[in-house]
Amino acid sequence: MDDQAWYLRTSKLALAVAIIRSKPADKSSREYTEHLAKVVSEQESTWRSKVEALETEVLQLRQKLLLSRMCSGLLETGDPSSQFQAQEPSSSENTLNLLEDSGCDLSNEQRSEPSEMSQNFVESCTPTPPLPLPIVRRHCATLENPLSSHMQFLQHLLELKNLTESGSLKTDLSHFENDFSTVSHSVCQLLDGLIAFYRKPKFPFSSFWTEAVNTLAGLISDCNLSNHILKKCSKKLEEFEKTLLQVILRSNHINRFQVQHHVSQSLVTLGSCSLLRKSILSQLLSEVNSFTDILGTINQVQASYVTHYENIFSLFWVLEQLLQKETQEGNTSGIGPEDQEIQKFLQKHDETIFQLSDAFPLFTFYLWRLGILLNSVETVK
């Protein structure tokens with residue numbers, strides 16, 4: 001017996017003896033052990049909650065620090081008075097209100113336009129000390145929850161990036177890249193929340209979730225930020241893509257088409273990023289190929305496949321949108337016949353259409369359209 005196993009057995013024996021010797025007279029050893037286990041479990045749960053709260057607070061402080069440093073770097077580049085359109089605030093109180101606005105309400109009616117947000121945020125970065133940045137306050141976590149703070153940070157980060165890459169405000173932010181782990185961590189938190197929500201989506205959808213997906217797509221489209229995000233969050237991104245896909249395929253309630261339309265649009269938004277498009281297309285084609293094989297074994301849609309048959313057309317719509325975008329952009333994602341699912345689809349394309357056209361004319365019509373789009377992508381390669 002090695003030392004580790006011996007120490008483990010000795011520890012267990014010592015614990016058992018201690019429990020027996022310290023148990024109250026009115027309880028058996030078993031009852032007292034269960035009682036102790038329950039107390040320890042409750043304490044562990046309490047401490048876990050405290051640790052999670054502290055980790056959230058630390059992340060928010062890191063978010064605030066990164067934005068503050070980036071904003072300071074922006075102000076140090078050139079003459080701020082010549083770069084910013086000076087609009088004097090009506091009072092110091094109004095300025096404070098602007099800076100402290102959490103932005104938790106992301107409804108279409110109250111959300112600022114991107115250009116307005118950029119201008120307000122730049123004006124809030126005047127060099128008068130101290131420099132409070134518009135990070136959400138904890139008490140303002142909406143029904144959508146703590147995710148609002150992560151999303152607001154990421155939106156402000158994108159706004160700052162856009163400012164530093166435009167016109168006279170061009171600034172090199174590469175020296176902040178060591179701090180971009182904060183960005184990756186925030187994106188992971190946002191993805192966790194998105195995955196949890198879309199596993200059990202509630203209709204009608206809040207605009208918060210649309211904004212979250214748009215923000216995610218914007219971050220991954222940024223050539224600098226995407227490297228850091230994909231390095232740490234690639235598995236979570238793939239899980240999120242699969243979650244959206246399964247929501248479409250497994251929906252079986254009467255009003256599912258509204259949900260499917262929203263989720264399909266989210267997939268299209270993610271697929272607008274060339275870095276994600278290839279994996280999304282591959283997953284979509286995998287589902288189409290699998291269902292095509294099933295239809296090849298039956299003469300008509302059986303009751304058990306009716307819902308799946310109806311739902312597959314939402315995948316066709318997403319595929320068409322993404323393949324059209326790929327053609328317009330000149331095959332930026334690098335899809336090609338070497339991809340296993342594309343290869344399988346194109347190899348059986350003509351035979352499948354011939355075999356299924358009588359029993360499933362609408363299905364084969366969409367297969368035909370997809371074949372044309374995949375071939376057109378190949379031509380622009």
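**The cavity and the helix contacts**

Guide: Helices α11 (274-295), α13 (340-347) and α14 (349-356) each supply at least two residues of the lining of the largest cavity. The model is predicted, so local features need pLDDT of at least 70 and side-chain atom pairs count only at pLDDT 80 or more, while totals for chains, interfaces and linings use all residues. Residues are numbered from 1 along each chain as its sequence is written, and side-chain values use heavy atoms, with hydrogens and water left out.

Visitor: What is the volume of the largest cavity?

Guide: On a 1 Å grid over the protein atoms alone, a cavity is a set of points where a 1.4 Å probe fits but cannot get out, and lining residues have an atom within 4 Å of a point. Grid points are joined across faces, edges and corners, and the volume is the space filled by probe spheres set on the points. A search of the whole structure finds one cavity of 30 Å³ or more. The volume of the largest cavity is about 90 Å³.

Visitor: Which helix gives the most to the lining of the largest cavity?

Guide: The lining consists of N289, T292, D293, K344, F345, K348, H349, T352 and L367. By class it has two nonpolar, four polar and three charged residues (nonpolar: Ala, Val, Leu, Ile, Met, Phe, Trp, Tyr, Cys and Pro; charged: Asp, Glu, Lys and Arg; polar: the others, Gly among them). Helices here are DSSP runs (H or I, at least four residues), numbered from the N terminus. With three residues, the helix that gives the most is α11.

Visitor: Are α11 and α12 parallel or oblique to each other?

Guide: Axes are lines fitted to C-alpha atoms over the stretch in contact, and angles run from 0 to 180 degrees between N-to-C directions. The axes of α11 and α12 come within 10 Å and cross at roughly 140 degrees. Angles under 35 degrees count as roughly parallel, over 145 as roughly antiparallel, 65 to 115 as roughly perpendicular and the rest as oblique. The two helices, α11 and α12, are therefore oblique.

Visitor: What is the hand of the crossing of α10 and α12?

Guide: Helix α10 (residues 256-271) and helix α12 (residues 306-329) pack at about 30 degrees, with axes 10 Å apart. The two are therefore roughly parallel. A crossing is left-handed if the near helix is turned anticlockwise from the far one by less than a right angle, and right-handed if clockwise. For α10 and α12 the crossing is right-handed.

Technical notes. 1 Å grid on protein atoms, 1.4 Å probe; cavity = no way out; pocket = protein on both sides within 12 Å on 5 of 7 lines; lining within 4 Å.
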